[in-house]
Amino acid sequence: MFKLTKITFCYTASLLLSCYTGAALASAPVQAAPVSQAAAQAQLAPAIYVKVQPDGLEVDARYQLHGNTLALFNVMGAVGLPAGQTAFIKDLQVEDSQGKNISFSTTPDGDWVLPVGDQPVRVRYKVETGHGAYQWPAGVEEVAYKTDEGLFFTGYALFVVPADKMDPNIKVQFELPKGWQAYTPWPKTADNSFNASSRRELLSNVMFFGTAQHQQIQHQDYSLDLVLGAPYAKDSQRFTSLLQSMLQQSSTMFGSTPNRKQYLIVVNEGFADGGAFEGSFSQLIKGPATEANRVVWGNVMAHELLHFWNGLSMVPASVDEEWFKEGFTDYLTAVLLHRGGQFDQAWLLKRFETMYSRHAIGRYYQRSQASFQQAGHDKQPLRTLVYGGGALVAMAMEAEMRDATDGEKGVADLMRSMFSEFGTTEKGQQPKGYSSADIIRHVKLVSGVDMTEFFRRYVSGNEYLDITPYLTRMGLTLSHFVEEADIRPDQQATAAAKRNFLQAYGPR
Ligand SMILES: [Zn+2]
């Protein structure tokens, strides 16, 4: 095996008239050994060079192809665009390691199939930027769009990659118009150069190229890049204050920052929606960011941020535990935003009412007989039970744990305990997923409460979970009519219930 400390590609007389210098296989500081070009190429980590222009991009990538197919991932058809994002890929050319053109065929779903695979290839193509003119099923914020300040792209819409398997440690370099910057959630290796650790990291993320306002929020060893489109630049304080508070509250609760240390949020104006990716979040807000709509976008943003602990660092073993991932995240988002002083108590109780209503809609209107565990297998249609039902389990557990510990321990302590076992995976290791049995075990460990029977009835079973008695024990009273709910402080609350409320929801 040869050890190369540095490799320089010069793209002469080609699409891109520039050089890419990248470190490759620099595992030991040895002198570059003389190697043949073919051998060097065979050992190279994937390298992608992107020339960005406001009206289009040019990509020049070198891969070791495993199998014989190149593809865009996560392609979704849009109205007038049956092959989805592939319609924006133009003039694709593939060369072998000798620079000879390889002809290919395309499949109906837009893949590029080579006659011979398993070889190093150079792939060049152009990417047009008209995605924003179409209606995408998941929303344009999960594809690509253009603003007056630059270009937003997901990796899915930009990179044509080996379909079967792709080597890790992908070097990505951007050449940009003067004054533009590239923002990605990948570690930076040089100005506008990054290293995406895997194909998933490369594709399942967002990036922004341009002049939009950028702020970096740092919390301990965690850094969050926030890119704000023009309508929001002057209100950046609204965003940073909420994110900072949430980062601080969550790190304290879990006892650590998330496993992943770098995160990117891109906010622009559009049809209100959001999309969460591996290390990034894309959000569109309708109209200006105001105090009034902060309850909506702030809640969405905080929910996604919390997933970096509960959802990405710590993962369920199967979809059976989606109710915990989503329901507990929703519940804790409300609790932490309130405890951090971002929203008042009236808002917190309104969130609880919404959680009640969602669950009631699932049971009364959707007439679903699914248990909360089963609902995870049909997550989108049964959001009511996954999110609403899961949040009600959190409320019930809060009451049980507080009552058993003189108010001292609750759901926040459960999360910290679970994070210490499931959230701190060594780099490169697969996280060990948690099951319902693990949740029951940690509740017992933290508070002494045995929730086995509760889980049998309401989590793996489908008995109707009446939240009223649990709220009473938290100093709250619930009046409801089918899905309508009113939750307010209970004038008759016992001293223990008042104490539970303060411990769980009081300011920190
Ligand atoms: Zn979620």
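**Notes on helix packing and domains in a predicted model**

1. Helix α10, which covers residues 383-404, packs against helix α15, which covers residues 495-505, at an angle of about 115°, and their axes lie 10 Å apart. Because angles of 65 to 115 degrees count as roughly perpendicular, α10 is described as roughly perpendicular to α15. The crossing of these two helices, α10 and α15, is right-handed. Please keep in mind throughout that this is a predicted model.

2. Which residues make the contact between α10 and α15? On the side of α10 they are Glu398, Ala399, Arg402 and Asp403, while α15 contributes Asn500, Gln503 and Ala504. Sorted by class, the contact of α10 with α15 holds two nonpolar, two polar and three charged residues.

3. A second pair of helices is formed by α7 (residues 322-339) and α8 (residues 345-365), whose axes come within 9 Å and cross at roughly 175°. Since angles over 145 degrees count as roughly antiparallel, α7 and α8 are therefore roughly antiparallel to each other.

4. In the contact of this second pair, Asp330, Tyr331, Ala334 and His338 of α7 meet Gln345, Trp347, Leu348, Arg351 and Met355 of α8. The residues in the contact of α7 with α8 comprise five nonpolar, two polar and two charged.

5. Turning to the chain as a whole, the domain assignment divides the protein into domain 1 (1-140 + 147-204), domain 2 (212-309) and domain 3 (319-425 + 432-505). Where domain 1 and domain 2 touch, the contact takes 16 residues from domain 1 and 19 residues from domain 2. On the side of domain 1 that touches domain 2, β12 (150-154), β15 (181-183) and α3 (199-203) each supply at least two residues, and the residues of that side divide into six nonpolar, six polar and four charged.

6. The protein contains 15 helices and 25 strands, and along its principal axes the C-alpha trace spans about 80 × 50 × 40 Å. How does the radius of gyration of the protein compare with that of a compact globule, and what is its value? For 508 residues a compact globule would have a radius of gyration near 23 Å, and the protein has 25 Å, which agrees.

Technical notes
Residues numbered from 1 in each chain as written. Predicted model: local features only at pLDDT ≥ 70, side-chain atom pairs only at ≥ 80, totals over all residues. Domains from an automatic or database assignment. Contact = placed C-beta atoms within 7 Å. Helix = DSSP H or I, 4+ residues; strand = E, 2+ residues; numbered from the N terminus. Nonpolar A, V, L, I, M, F, W, Y, C, P; charged D, E, K, R; others polar. Axes fitted to C-alpha atoms, helices over the stretch in contact; angles between N-to-C directions. Parallel < 35°, antiparallel > 145°, perpendicular 65-115°, else oblique. Left-handed = near helix turned anticlockwise from the far one by under 90°. Rg over C-alpha atoms; globule rule 2.2 N^0.38 Å.
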